[in-house]
Amino acid sequence: YPTVTTTYYVTATDGELCEKSDSVVITVNPRAIVASRNDPDQCFNSIATYTMGNYPGHTFDWSVSGGVIQGVNTKDSVKILWNRAGSDTVFISVTTPLGCVTSAKIIVNVNPKIIITKAADTLVCKDSLVQLYASATGGTGTLSYSWFPIGGLSNPNSPNPTFRPGTPNTTYKFEITVTDSKGCKNIDTQSIKIRDNPFIFVNVP
């Protein structure tokens, strides 16, 4: 098959050496230029957008292995929620207005989910020394911790900082963010509820 538009000529000659010539033009319509590729890593539960560019009059068909398409899959771009760790694939098929189809795939590595284990919400007395607790597994490489708000914490970047609450009948809510070496994050919370110390009245006769 020709790869570009080509004219073919034919000549017929009979036994009397009479000739007749004709020609036919094979028109080769161009396909969309779509190339397979490897894309940057994605974090677990992140949403990424993939775009084919400007192809007026073309139709698109996206599919995915290892993620979930958000919204429609028939536009020139698609959003995908990555909810499975490992090597996953985005498939794209582009059809020109004349019906020529080109397909390609995008390979995406999804980093493992960071799983946080934290202490249960706690009820303590005023002026008690409370130790917050968080431990994390998964992710990629070294995990770092960050508590917020940082006021009153012994070390907001420790997985287990201490906190001494002062205001009774108050609930302190702390947010713990764990980040891996790829910049992927997971967030959880821990609440500390403060009750007032008991009031002791001694009646001396």
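The structure is a predicted model, in which local features need pLDDT of at least 70, side-chain atom pairs count only at pLDDT 80 or more, and totals for chains, interfaces and linings use all residues. Residues are numbered from 1 along each chain as its sequence is written, and side-chain values use heavy atoms, with hydrogens and water left out.

**Exercise 1. Determine which residues the disulfide joins and where they lie.**

Solution. 

Step 1. The criterion for a disulfide is a pair of cysteine sulfur atoms within 2.5 Å. The structure contains one such link.

Step 2. The link is between Cys43 and Cys184, with an S to S distance of 2.0 Å. Its torsion about the S-S bond is -85 degrees, which makes the link of Cys43 and Cys184 left-handed.

Step 3. Cys43 is found in the loop between strand E3 (37-38) and strand E4 (46-51), and Cys184 in the loop between strand E16 (170-179) and strand E17 (185-195), so the pair ties together parts 141 residues apart in sequence. Strands (E, at least two residues), like helices (H or I, at least four), are DSSP runs numbered from the N terminus.

Step 4. Cys43 is partly exposed at 22% relative accessibility, whereas Cys184 is buried at 3%.

**Exercise 2. Classify Cys18 and Cys125 by accessibility.**

Solution. 

Step 1. Cys18 has a relative accessibility of 45% and therefore counts as partly exposed.

Step 2. Cys125 has a relative accessible area of 23% and is therefore partly exposed.

**Exercise 3. Locate the salt bridge of Asp41 and describe the accessibility of its partners.**

Solution. 

Step 1. Side chains of opposite charge can pair when their charged atoms come close. The criterion for a salt bridge is a side-chain nitrogen of Lys or Arg within 4 Å of a carboxyl oxygen of Asp or Glu. A search of the whole structure gives four salt bridges.

Step 2. Asp41 pairs with Lys182, and the closest N and O atoms are 3.4 Å apart. This pair links distant parts of the chain, 141 residues apart: Asp41 is in the loop between E3 and E4, and Lys182 in the loop between E16 and E17.

Step 3. Both partners are partly exposed, Asp41 at 34% and Lys182 at 46%.

**Exercise 4. Assign an accessibility class to each partner in the salt bridges Arg84 with Asp88 and Asp121 with Lys118.**

Solution. 

Step 1. In the pair of Arg84 and Asp88, the closest N and O atoms are 2.6 Å apart. Arg84 is partly exposed at 40%, whereas Asp88 is buried at 1%.

Step 2. In the pair of Asp121 and Lys118, the closest N and O atoms are 3.7 Å apart. Asp121 is exposed at 51%, and Lys118 is partly exposed at 27%.

**Exercise 5. Describe the backbone at Pro149 and Asn45.**

Solution. 

Step 1. The peptide bond joining Phe148 and Pro149 is cis, with omega about -5 degrees. Pro149 belongs to the loop between strand E14 (144-148) and strand E15 (162-163).

Step 2. Asn45 is a residue other than glycine with a positive phi, near 70 degrees. Asn45 lies in the loop between E3 and E4, and its 45% relative accessibility makes this residue partly exposed.

Technical notes: Buried < 20%, exposed > 50% of the residue type's maximum accessible area, 1.4 Å probe, protein only.
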